[in-house]
Number of protein chains: 2
Amino acid sequence: MIQINENFTKLSESYLFTEIARRVKAYTSENPNADIIKMGIGDVTLPLPKACIEAMHKAVDEMAVKETFRGYGPEQGYEFLQEKIRDFDFATRGVTLSNDEIFISDGAKSDTGNITDILGSGNTIAVTDPVYPVYVDTNVMAGRQNIVYMPVTKENGFVPELPKEDVSVLYLCFPNNPTGTVLKKDELKVFVDYALKHKALILFDAAYEAFITEDNVPHSIYEIEGAKEVAIEFRSYSKTAGFTGTRCSYTVVPKECTGYDKNGKAFSLNHFWKRRQCTKFNGTPYIIQRAAEAIYTPEGSSQVMEIINYYLNNAKIIREGLTKKGFEVFGGVNSPYIWLKTPEKDSWKFFDYLLKEKNIVTTPGAGFGKSGEGYIRLTAFNTKEKTIEAMERI
Amino acid sequence: MIQINENFTKLSESYLFTEIARRVKAYTSENPNADIIKMGIGDVTLPLPKACIEAMHKAVDEMAVKETFRGYGPEQGYEFLQEKIRDFDFATRGVTLSNDEIFISDGAKSDTGNITDILGSGNTIAVTDPVYPVYVDTNVMAGRQNIVYMPVTKENGFVPELPKEDVSVLYLCFPNNPTGTVLKKDELKVFVDYALKHKALILFDAAYEAFITEDNVPHSIYEIEGAKEVAIEFRSYSKTAGFTGTRCSYTVVPKECTGYDKNGKAFSLNHFWKRRQCTKFNGTPYIIQRAAEAIYTPEGSSQVMEIINYYLNNAKIIREGLTKKGFEVFGGVNSPYIWLKTPEKDSWKFFDYLLKEKNIVTTPGAGFGKSGEGYIRLTAFNTKEKTIEAMERI
């Protein structure tokens, strides 16, 4: 008899976005003329940079002709893209990587999920609270239920405290989703030092790195000494260059990054991840990798900067607009997310208020975890005009 | 201390294609003027169908403009593609599916690997021998070492016998990789009946379905009565439409398809796979899904047929050429693969002979499993001219 993976039955169904959709639908069906402004979902709205469009047209044409047609590519991605990442995303920040430490893939969601494949079942996992639900759900699916929560709240300045328990895997997403806050270099160093001391592994999700504007905020965890031994870093073009529907990302697994078997024998995680990807993945589409490569051209990078600045300006409008109205807000400086402290503790209640009274859709913080209660998340991904209008409505 | 998944250390490293590459390199460095014909690797060579090229250019242009730009799509794929699959790949064969039973993804390798996520650790797995190594490796990674081999050889007419042990998961790939042979309807029915009787699950890999030319060979396992309750089917555009570097495939999980917990309680696997994909995958690129959709237009489907027929004609040239020389060959009628019985038992020896004496690269059958010893695999994916030349050389 075929046995299911019973861990799936232990997953809590995420009703967050379903519930948001239900409430919005209920409201709009009663108020069909309501002019709703969406600031809930973390999806981009600006089109792809011109450089990416041109690169894709060119790559599509290559696929049309026998002489330039590409079949199977390397599972880990093409060197033309790995080189750009190595030189532009890392060497410029003093981080030396080799191509075979960079694994191109189809999304940070895939990679942060699939990375659990190479981890043993006995690990204790630490995540922030609030948290991106994928970190928790993928571990529950794999049978790991030893999950420790590190609150990230106004009270601790949105800097998670080191877990009191001995944990072996720590998920850190900074700039943070959903709070939009960051860790400064010395704050991140505390975690790297912990990992070095405890032989733990940090899974560093840097999907929002491109939004960092302040100095002293590390773009890569490898800017911290010793991090290569203890950290895997996830990057994404989704929010950077508008690739949410185009799908390209990469994961860095330095060769020094080490895991251990039950006898304490050390293994390079780079080899494990390579084996995982070569067995269960067949590479990102050639056309899409060419689009990602174009981000690193002078035109591409200035077009991407324009997109980022557009969203950052929206974030500023939201931040300043809400502050002016007397709200307490966090994030939005190095991030497209603004984390608003709701006047009352109930974030769903404030969600309803904004929906019904101001026709603005947001995301209740409670949906991201216990410590998210009392907050809502607003995103800067709408148009400038709608963003201004939303602030005028409040 | 971070614990690795120790199952990875139990994986046998696959040296097959590395070893082939090493031998070819050694030979060509000594014989730099050798005109090598590659008939080893299963990668396509013809460019993408024009209809796909046009659809991608159009989709790329959509991504360039705010009004038509697409961000996150549904994790399970767009309905525009699901509908085409439902109507053209299944309804035409009398199989009724709904859109939400069809999951678009980036490759059959990903899906046949990732499907192990939803299976419990206690299952006993049956695979054919020879076998596509991914089925075995992904189960070993997940800690399942109860693997039963079903030989597929000349002696049993390349029809695997039902396992004597009680197995709960059976991988069947037909048309088969590497043997190129097929199961007729009544032969496949034996497996469906076994699965129904034992409440087992069949993972049916139909990646080479488009190459079927003979009647009475099922294109989909759902053509067999009762199969929806016990089978998941994997399909791919890789070999059909030349998508090996473009990456699109799909997996069918009917709602009736059932798994059980330890108490025998039944669960719909459709729900489990949906949860897996929504948590660990973010959809196939919009542009690529539009390319796949174009396969179902009148132009697209005739262009695909042209590609398939080109490769099938190569297969015929190989089959007839080798038969004429007195070799015993199998496959190549409903498949791009030809399975040649080597004159002596040692398939690596025959590989070396073809490489050194005829300058033809093939794949030794021993690389696919014990029962592959004594065979080599030739592929029909080279040009017609090179294929003819190869036969003339032999």
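**An open sheet in chain B and the contact between two copies**

In chain B of this predicted model, four strands form an open, antiparallel sheet in the order S11-S12-S15-S14, where strands are DSSP runs of E of at least two residues, helices are runs of H or I of at least four, both numbered from the N terminus, and two strands pair if DSSP finds at least two bridges between them. Strands S11 (328-331) and S14 (363-364) of chain B stand at the edges with a single partner strand each, so one side of each lacks a neighbour in the sheet. Strand S12 (residues 337-341) of chain B pairs with strand S15 (residues 375-379) of chain B through five bridges in the antiparallel sense, and B:Lys341 lies opposite B:Tyr375 in S15(B).

Residues are numbered from 1 along each chain as its sequence is written, and chains are lettered from A in the order in which they are written. Local features need pLDDT of at least 70 and side-chain atom pairs count only at pLDDT 80 or more, whereas totals for chains, interfaces and linings use all residues.

The contact (C-beta atoms, placed from the backbone, within 7 Å) takes 69 residues from chain B and 68 residues from chain A. The largest share of the chain B side, five residues, comes from H2(B).

Definitions and conventions
Contact = placed C-beta atoms within 7 Å.
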